[in-house]
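Open the model in your viewer and keep the selection panel at hand. The stops below say what to pick and what to look for.

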Amino acid sequence: MSTGEAGGAQVKSAVRTVELLEFFAGRPGMHTLTDVQEAVGYPKSSLYMLLRTLVDLDWVEVDATGTRYGIGVRALLVGTSYIDGDEVVTAARPTLDRLSEETGETIHLARLDGTSVVYMATRQSRHYLRPSANVGRRLPAHSTSLGKALLATHTDEQVRQLLPGTLDRLTESTTTDRERLIEELRLVREQGYALDTEENTVGLRCFGVALPYRSPARDAISCSVPAARLTPAHEQLIKRSLFDARERLAAATRRL
């Protein structure tokens, strides 16, 4: 009997394949065999054979020298299929379009995945704005308004179980103490929205609200605006538009 047949035990080769693809997905660009081996820890001979198989199947690409590897086009096709088939993304599109028109700013829909948020849909600002998170990008939940809005739908104890005591610092403004973050999440619950004040990207402020079709919530929407042109009146417009969008999405996703 194989390990895959023994009471749901994992198949080592399948686990290694997934871990390898996740390595490339999390580190865009090309990497040498040595770099990959040091990161994943597999024997170099078996790693090479696994890479060659994935190259043949277009899940991994190799450069012209044949010595560096990166994520392949098949991963893009699978990722696109996930987005295209997701009912929440489909239901949210009209609301995201309207929110973008109302605010003139960059709008995101993201999903909580462990301790991170993954961007599912984006509407770019009518202004030139960089950097901006692309669909599929993963960012720490504790440093984003999206993530904090989602974490606030969990209990304090659930947040303690989910996050480590010390959190990664992305900017000088990032909250790195879990208990301090938990205090902030209590305020998020009271006011109904989360705020990222240059905690993920210097010069950028973001407002986020969770979508209440599940409890705890797993999806949230946000609006990002450069701090330099955020006026009190524009901030109020953003908050009002986000609350209205949340109500529309709550109705649109209720059947889900």
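Select valine 209 and look across to S9: the bridge partner there is isoleucine 221. Now widen the selection to strand S8 (residues 204–210) and strand S9 (residues 219–226), which pair in the antiparallel sense over seven bridges. Two strands count as paired if DSSP finds at least two bridges between them. Strands (E, at least two residues) and helices (H or I, at least four) are DSSP runs, numbered from the N terminus.

This is a predicted model, in which local features need pLDDT of at least 70 and side-chain atom pairs count only at pLDDT 80 or more, while totals for chains, interfaces and linings use all residues. Residues are numbered from 1 along each chain as its sequence is written, and side-chain values use heavy atoms, leaving out hydrogens and water.

**The six-stranded sheet**

Show the whole sheet next. It is open, has six strands in the order S6-S5-S4-S9-S8-S7, and pairs them antiparallel. Strand S6 (138–140) and strand S7 (194–197) are the edges; each has a single partner strand, so one side of each lacks a neighbour in the sheet. On average, neighbouring strands of this sheet are turned by 30° against each other, direction ignored. Axes here are lines fitted to C-alpha atoms, for helices over the stretch in contact, and angles between N-to-C directions run from 0 to 180 degrees.

**The core**

Which residues have the most contacts inside the largest nonpolar core? Select Leu96, Leu109, Phe207, Ile221, Ile238 and Leu242; the core has 23 residues. Helix H5 (87–103), strand S4 (106–113), strand S5 (116–123), S8, S9 and helix H9 (232–252) each supply at least two of its residues. H5 gives the largest share, five residues. Such a core is a set of buried Ala, Val, Leu, Ile, Met, Phe, Trp, Tyr and Cys residues joined through side-chain atoms within 4.5 Å. Buried means under 20% relative accessible area, exposed over 50%, and partly exposed in between (1.4 Å probe, protein chains only).

Move to tyrosine 69 in S3. It is the bridge partner of histidine 31 and also of valine 62. Strand S1 (residues 31–32) and strand S3 (residues 68–71) pair in the antiparallel sense over two bridges. Five residues lie between the strands of the S2 and S3 hairpin, where glycine 66 takes a positive phi near 75°.

**Salt bridges**

The whole structure holds 17 salt bridges. Each is a side-chain nitrogen of Lys or Arg within 4 Å of a carboxyl oxygen of Asp or Glu.

- Pick arginine 123 and aspartate 97: their closest N and O atoms are 2.5 Å apart. Arginine 123 lies in strand S5 and aspartate 97 in helix H5, so the pair ties together parts 26 residues apart in sequence. Aspartate 97 is partly exposed, at 37% relative accessible area.
- Go to glutamate 183 and arginine 186, which meet at 2.3 Å, N to O. They are three residues apart in helix H8 (residues 178–191), separated by about one helical turn.
- Select glutamate 179 and arginine 178, a salt bridge at 3.7 Å, N to O. Arginine 178 counts as buried at 18% relative accessibility, whereas glutamate 179 is partly exposed at 33%.
- Finish with Asp86, Arg111, Arg218 and Asp219, which are linked in a network of salt bridges.
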